[in-house]
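Here is a briefing on one structure. Read it with the model open beside the text.

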Amino acid sequence: MAELVADYVLKRLREWGVHRIYGYPGDGINGFLGALDRADGDPEIIQSRHEEMAAFMACGHAKFTGEVGVCMATSGPGAIHLLNGLYDAKLDHAPVVAIVGQQKRISLGASFQQEVDLQVLFKDVSEYVETCMHPAQARHLVDRALRIALDRRGVTTLIFPNDVQEEKAVESPPREHGAVYSSVGYSRPRVVPQEADLERAATVLNEGKKIAILVGQGARGATDEVVEAAELLGGGVAKALLGKDVVPDELPFVTGPIGLLGSTASYELMMGCDTLLMIGTSFPYSEWLPKEGQARCVEIDLDGRMIGMRYPADVALIGDARSTLHELLPRLRRKEDRSWREEVEEQVQRWWRIVDARAHENGEPINPQRVVWELNGRLPENAIVAADSGSSTNWFARDLRVRAGMKASLSGTLATMGDAVPYAIAAKFAFPERPVVAFVGDGAFQMNGMNELITVKRYWERWSNPTLVFCVFNNEDLNQVTWEQRALAGDPKYPATQQIPDFPYHRYAELAGLRGIYCDRDEDVGDAWAEAFDSDRPVVLEMKVDPEIPPLPPHITVEQAKKMTKAMLKGDPERVGVLEKSLLGKLEDLKESLPGRHS
Ligand SMILES: Cc1ncc(C[n+]2csc(CCOP(=O)(O)OP(=O)(O)O)c2C)c(N)n1
Ligand SMILES: [Mg+2]
């Protein structure tokens, strides 16, 4: 049989190094389904339960591997379902290509069944979106979609009317006016700033006495250089959420997370520094950065559009983190006065004592911080951790100690619910030999995670290492929002929206042929993790956690405290427990921070 456009597209993807596509079928992509069958597993299609999950998996693949992730969906409803996962990729700058079907060319514009204006629908989420109207177009569309996704680190979308998919392929366009001849391949350039700018940056950093470094995901791949810069400059390193795995938490000058989900050590680092070095981050909350005028700032970012807009940069270096630091390091002088570094390290130790103390307060039934604290000692080497959006994101950010060689990610900028389970699945496909853990709230698990257990049931036996643990934080609450209602709006918990039905998640796992473990006692948490890591198959580790333990920011503002008190007075159904536990949290904090500063 002659090669069809769909076969050709898959072949071209293969040439681009794409061997896996996450997707869900429909007659809008019938041509691709036939071609996938003929492709005999290269690329293979991984069938998710919902197109949004396929897009999250493609995004997770991109985040954990640095390669492009590919997802596929049918026309109309299937394409629409992809969108949230694609926006996650767009906002976190992950390269993802979406391939979607469309009605036949002869029906377009006729308000035909399932006809949606996909060009318009995908315009905002995509760096590049194009419809293939002729077989000879397929080659350059694929080449451009892949190249632009990688170069712009974003989403590109290709729309294929289903009749085009089944036309005879054209490998090389006819030699005529209008034809274009494209090629395969992309290699990331080494991007370095001008010498003069490097010199200016070095001067600022050499003149500073108290250096704070803030890294984001843009610093990935530059771990050694970041550590060396911190050593030379005698500074501390704080991490934006997406940069959690850029530098290990074992290092004594790593102050950990910053912001609402941050640590006291990062807070002190920012409030006390006189010089800020930002590397590959667009951490958005200015109140957690030094006050304007307090610090001089050097910023490094690959994307000139993103630089100088979070804190005024005295020197904005456009370049990739690794190469730029490589150029900068020889220009830095080692700071002989190490007193600031000592202060930072004391703050880091103090922070870990706070984490420890908060994790050891009793929960009813389980203190969710204990869940992560107990994991730290048991997390296997090279583990990959995915987190969802909810209260457990706080514990992921604050309590989880990422060690060298581990990977961690989440939906950093869109902060959508529902990413952790599909990210974890994509991590298993990309690295079947590595242990993977996902933190998921019960709300997110009900939203879409539970269904994806069926996907795990289908595929897990292929993975050389079966360790995949979905840690479900069962608090019968949309807890993060409940706390936001209390602290930001000053309203009490509103059960009609906040409470969610209890459900035996661990038993659901067993129904799917997986392992289910249930834990509802603080003292059993460690053993429950050990059992999960010992399992011969993927596990749902259901932790019955206390919704009354506040995901307190390191320094709750007076305004927030007032609003929270107001909410309590208005008759919050959990007010007694909440007040008691918030106070306990604050007391631990206070004990540690006396004499208090900056609060
Ligand atoms: C798709 C989506 N819908 C709603 C929200 C708003 N939101 C953020 S966190 C959260 C609560 C999550 O609840 P759960 O998964 O149970 O985690 P918990 O906070 O209870 O630990 C909600 C509703 C969101 N971020 N994404
Ligand atoms: Mg919940």
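Contact means heavy atoms within 4.5 Å. By that rule, and not counting residues up to four places away in sequence, Arg 331 touches Glu 195, Leu 198, Glu 199, Ala 202 and Asn 206.

This is a predicted model: local features need pLDDT of at least 70, side-chain atom pairs count only at pLDDT 80 or more, and totals for chains, interfaces and linings use all residues. Residues are numbered from 1 along each chain as its sequence is written, chains are lettered from A and ligands numbered from 1 in the order in which they are written, and side-chain values use heavy atoms, with hydrogens and water left out.

**Ligand 1**

- The shell around ligand 1 holds 17 residues, where a residue is near a molecule if one of its heavy atoms lies within 4 Å of it.
- The closest are Ser 391, Asp 442, Gly 443, Asp 477 and Asn 479.
- By class, the shell divides into five nonpolar, ten polar and two charged residues. Here Ala, Val, Leu, Ile, Met, Phe, Trp, Tyr, Cys and Pro count as nonpolar, Asp, Glu, Lys and Arg as charged, and the others, Gly among them, as polar.
- Helix 14 (391-399), helix 16 (442-459) and helix 17 (479-489) each supply at least two shell residues. Helices (H or I, at least four residues) and strands (E, at least two) are DSSP runs, numbered from the N terminus.
- Asp 442 places a polar side-chain atom 2.7 Å from an oxygen atom of ligand 1.
- A polar backbone atom of Asp 477 is 2.7 Å from an oxygen atom of ligand 1.
- For Asn 479, a backbone N or O atom lies 2.8 Å from an oxygen atom of ligand 1.
- On its own, ligand 1 has 580 Å² of accessible area, and the protein covers 77% of that. Accessible areas come from the Shrake-Rupley method with a 1.4 Å probe; for residues, only the protein chains shown count as cover.

**Helix 13**

- Helix 13 (residues 368-376) is mostly covered, with eight of its nine residues buried. Buried means under 20% relative accessible area, exposed over 50%, and partly exposed in between (1.4 Å probe, protein chains only).
- The buried residues are Pro 368, Gln 369, Arg 370, Val 371, Val 372, Glu 374, Leu 375 and Asn 376.
- They pack against helix 12 (339-359), helix 14, strand 15 (436-441), strand 16 (468-474), helix 20 (525-534) and strand 18 (539-544).
- At the start of helix 13, a side-chain oxygen of Asn 367 comes within 2.9 Å of the backbone nitrogen of Gln 369.

**Nonpolar core**

- The largest nonpolar core has 59 residues. Such a core is a set of buried Ala, Val, Leu, Ile, Met, Phe, Trp, Tyr and Cys residues joined through side-chain atoms within 4.5 Å.
- Helix 3 (residues 51-65) gives the most to this core, with nine residues.
- Cys 71, Leu 86, Val 96, Phe 122, Phe 445 and Phe 470 have the most contacts inside the core.
- Leaving aside neighbours within four places in sequence, the contacts of Val 96 include Ala 58, Cys 71, Leu 86 and Val 155.

**Buried residues**

- Lys 244 lies in the loop between strand 8 (236-239) and strand 9. Lys 244 counts as buried because its relative accessibility is 5%.
- A polar side-chain atom of Lys 244 lies 3.0 Å from the backbone oxygen of Phe 396 and one lies 2.8 Å from the backbone oxygen of Leu 400.
- Arg 331 sits in the loop between helix 11 (321-328) and helix 12. At 18% relative accessibility, Arg 331 also counts as buried.
- Thr 255 belongs to strand 9 (residues 254-257) and is buried at 2% relative accessible area.

**Backbone geometry**

- Asp 42 and Pro 43 are joined by a cis peptide bond, with omega about 0 degrees. Pro 43 is in the loop between helix 2 (30-39) and strand 2 (44-47).
- Glu 364 and Pro 365 are also joined by a cis peptide bond, with omega about 0 degrees. Pro 365 is in the loop between helix 12 and helix 13.
- His 93 is not a glycine, yet has a positive phi of about 60 degrees. His 93 is partly exposed, with a relative accessible area of 25%.
- Ala 415, not a glycine either, has a positive phi of about 50 degrees. Ala 415 is partly exposed at 43%.

Key: Polar contact = N/O pair within 3.5 Å; in protein donor to acceptor, adjacent residues only side chain to side chain.
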